[in-house]
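Please read the points below alongside the model, taking them in order. They cover a set of paired strands, some backbone details and the pockets.

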Amino acid sequence: MTTLPSKSTIKLAPAQSHAEASSSQVQNQPPKSQKQTTKAERREQQERQRAAKAATKAAGPQPGGSNQNSAQAKKGAAPAASTSASVKRGGKGPDGKPTKEMKEVTSDDARGLRIFSHFGLPKLPGPSKGDIHPAIIRLGLQFSEFKIAGANARCIATLTAFKTVIQDYVTPPNNTLSRHLLTYLSPQITHLVSARPMSVTMGNAIRELKLEISGSDIDLPEQDAKNLLCQKIDDYISERITIADQVIQETAGTKIKEGDVILTYARSSVVEQVLVGAWDDGKQFSVVVVDSRPMLEGKKLLSVLSAMGIPCTYLLLPSIGSVITEVSTVLVGAHSLHSNGAVFSRAGTALVAMMAKQHSVPVVVCCETYKFAETIQLDSFTKNELAPVGDIFSSFPLTRSKDTLILNKQPNLEILNPLYDLTPPSSITAVVTEVGVIPPSSISSIPLALGRTTL
């Protein structure tokens with residue numbers, strides 16, 4: 001005896017087959033474009049995607065390995081242990097407290113202070129594209145090792161190396177010196193920038209050199225054109241640096257009186273010339289040299305001044321508060337001078353200037369006009385460099401050798417030595433240049449004082 005199907009089963013079967021047919025038709029249909037779908041359909045699709053992501057996160061990784069891992073294995077992806085972002089975190093113990101297991105960070109993630117990662121790091125220049133002259137390679141190594149430091153010294157060394165490059169340059173056939181030499185100098189400049197970020201002085205000098213090259217006469221013989229360019233470089237060094245320093249020395253020397261106590265920070269070649277020149281003129285004064293780690297540049301200035309018989313006092317930056325009340329004038333140098341009157345100089349200059357202003361001591365900045373930058377800088381965070389690492393922190397009494405006191409980088413230690421800081425114009429009394437003594441509020445008029453619209 002056979003059992004007949006119920007009415008509900010008879011009615012449901014066609015509906016089920018119809019639904020399967022309709023679903024197969026929907027799957028076989030090509031997907032609608034974004035323009036064909038309505039706003040409600042797009043919103044519904046987004047909701048489904050969010051729900052799928054939430055379900056995936058709630059489910060967690062599967063015991064047998066996720067699909068992503070299997071896909072990576074098929075593609076030949078590197079194991080997770082070799083990636084620079086691999087971090088092992090300590091879990092919680094039975095009592096709910098975190099264990100003592102520390103994070104294991106690879107060497108690529110050793111830098112902890114990521115907000116300072118944009119600071120220029122002193123590094124050995126790597127292989128550069130193009131034909132690099134041996135003089136540029138040697139200069140790049142000296143820059144990276146801080147064997148040549150200071151705005152004036154770096155600019156003079158760069159221009160002197162470019163003289164050698166120009167003299168050894170040979171114009172290829174079917175080319176002109178005024179055009180091809182600019183192309184030849186580009187990789188040389190890039191190589192120097194890879195060793196240390198370009199200073200304002202180097203940028204202004206290179207810009208002037210490029211203008212001279214582009215304006216050279218194409219009818220001149222090649223050797224005569226190269227000799228003329230080298231003469232232009234010598235004139236630039238003489239007029240904008242050497243003679244400018246002599247004028248600043250005479251002008252700033254008049255600000256030093258008998259019995260004054262002059263305070264200076266770190267070492268500036270211009271300030272050194274001012275102090276030596278004033279002493280040679282017969283003026284009797286004393287100098288307080290304030291210095292700071294890690295470079296301790298003031299020691300070199302101290303050796304020069306003390307060898308001449310000038311009474312000197314040497315102290316580190318944290319002790320400036322104990323002597324600032326006895327100081328007559330503060331003389332400092334500058335790395336660059338900005339159009340808003342701010343001075344970019346060795347880190348610590350801003351602290352010295354602010355302390356002097358607090359005690360009504362005049363702050364005089366000695367700076368050549370070729371250090372002028374038409375930009376406006378408001379802080380020393382957006383653009384800066386890092387001084388070389390490896391400072392020796394002496395502990396007293398010396399129970400260990402100094403070689404064991406060198407502080408090196410560790411996974412949980414970041415050594416940060418910013419090279420420059422920004423002194424606001426409100427802390428500066430005057431700026432002595434070769435065109436005269438200028439208040440900080442009139443720094444933007446320096447190009448007009450030189451008879452040109454720009455530097």
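1. Strands β1 (residues 261–265) and β2 (residues 286–291) pair in the parallel sense over five bridges, where two strands are said to pair if DSSP finds at least two bridges between them. Within this pairing, the bridge partner of Thr264 in β2 is Val289. Helices (H or I, at least four residues) and strands (E, at least two) are DSSP runs, numbered from the N terminus.

2. The model is a predicted one, in which local features need pLDDT of at least 70 and side-chain atom pairs count only at pLDDT 80 or more, while totals for chains, interfaces and linings use all residues. Residues are numbered from 1 along each chain as its sequence is written, and side-chain values use heavy atoms, with hydrogens and water left out.

3. β1 also pairs in the parallel sense with strand β4 (residues 329–332), over three bridges, and here Thr264 stands opposite Leu331. Together with α9 and β2, β1 makes a right-handed β-α-β unit; right-handed means that, with the strands pointing away from the viewer, the path from the first strand over the helix to the second runs clockwise.

4. How many residues of β1 are buried? Five of its five residues are, with buried meaning under 20% relative accessible area, exposed over 50%, and partly exposed in between (1.4 Å probe, protein chains only). Both faces of the strand are covered, with Val261, Leu263 and Tyr265 on one side and Ile262 and Thr264 on the other.

5. Some backbone details deserve a careful look. Most residues other than glycine have a negative phi, and most peptide bonds are trans. Ala266, in the loop between β1 and α9, has a positive phi of about 55 degrees although it is not a glycine, and at 4% relative accessibility Ala266 counts as buried. Ser360, in the loop between α11 (349–358) and β7 (363–366), has a positive phi near 60 degrees, but at 68% relative accessibility Ser360 counts as exposed. A cis peptide bond, with omega about 5 degrees, joins Arg293 and Pro294, and Pro294 lies in the loop between β2 and α10 (298–307).

6. The largest pocket has a volume of about 540 Å³. On a 1 Å grid over the protein atoms alone, a pocket is an open set of points where a 1.4 Å probe fits, with protein on both sides within 12 Å along at least five of seven lines, and lining residues have an atom within 4 Å of a point. Grid points are joined across faces, edges and corners, and a volume is the space filled by probe spheres set on the points. The lining of the largest pocket has 27 residues, of which Ala149, Gly150, Ala151, Arg267 and Ser269 lie nearest its centre. Elements giving two or more residues to this lining are α5 (151–168), α8 (222–253), α9 (269–280) and β6 (343–346), and α5 gives the most, with four.

7. The second largest pocket holds about 400 Å³ of space. Among its 22 lining residues, Ser199, Val200, Ala373, Thr375 and Lys383 are the closest to its centre. α7 (200–214), β5 (336–338) and β8 (372–373) each supply at least two lining residues, with α7 giving the most, four.
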